[in-house]
Amino acid sequence: MIAIGVDAGGTATTAAVSRAGTAAGEATGPAANATTSGVAAAAAAIVATMHAALGGEQPDSVHAGVAGAGRPAVARGLEAALAQAFPAARIVVSDDASIALRAAIPAGPGVILIAGTGSSAHAEN
């Protein structure tokens, strides 16, 4: 099983690959904020970064946390673009704040404040 996680924001895009639960590669690419660059440009940056991290392999599962993807129309557009690039993969797109929260607090209630290229807050209870 090859899984890839993506953190795409206004500064850079990072993709990390897991093969059978073991870290297997990583790549950093250009910014991919769908709000400022548009869905097509963000998707192109994400796909290019994923290809660099995957080294020619195809993922079984993709989770991309993308700045701007908190809006359903943006998330759907990115999901469609990623599904076209990786048709056999299960694709999930969320906003980057939700993945930041779960990186800091893996389970349960929590709050995260992002103050970087852009600013946002996200809470889950």
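**Exercise 1. Find the bridge partner of Ser18 in E3, then see what packs on the sheet.**

Start with the pair itself: Ser18 has Ala23 as its bridge partner in E3. Zoom out, and helix H2 (residues 39-54) packs on the sheet, where H2 touches E1, E2, E3 and E4. The direction of H2 makes about 40 degrees with that of E2. Some ground rules: helices (H or I, at least four residues) and strands (E, at least two) are DSSP runs numbered from the N terminus, and two strands pair if DSSP finds at least two bridges between them. Contact means heavy atoms within 4.5 Å. Axes are lines fitted to C-alpha atoms, for helices over the stretch in contact, with angles from 0 to 180 degrees between N-to-C directions.

A word on the source: this is a predicted model, in which local features need pLDDT of at least 70 and side-chain atom pairs count only at pLDDT 80 or more, while totals for chains, interfaces and linings use all residues. Residues are numbered from 1 along each chain as its sequence is written, and side-chain values use heavy atoms, leaving out hydrogens and water.

**Exercise 2. Work out the strand order of the sheet.**

Step one: E1 (residues 2-8) pairs with E2 (residues 13-19) in the antiparallel sense over seven bridges. A hairpin of four residues joins E1 to E2, and Val6 has Ala15 as its bridge partner in E2.

Step two: E2 and E3 also run antiparallel, joined by seven bridges.

Step three: E1 and E4 (residues 61-66) run parallel, with six bridges. Here Ile4 stands opposite Val62.

Put together, the five strands form an open sheet in the order E3-E2-E1-E4-E5, with mixed pairing. Strands E3 (22-29) and E5 (90-95) each have a single partner strand, so one side of each is left without a neighbour in the sheet. From one strand to the next, the twist averages 15 degrees.

**Exercise 3. Which residues touch the most other members of the largest nonpolar core?**

First, the term: a nonpolar core is a set of buried Ala, Val, Leu, Ile, Met, Phe, Trp, Tyr and Cys residues joined through side-chain atoms within 4.5 Å. Buried means under 20% relative accessible area (1.4 Å probe, protein chains only).

Next, the residues: of the 29 in this core, Ile4, Ile46, Met50, Val66, Leu78, Leu82 and Val93 touch the most other members. H2 gives the most to this core, with eight residues.

Key: Buried means under 20% relative accessible area, exposed over 50%, partly exposed in between (1.4 Å probe, protein chains only).
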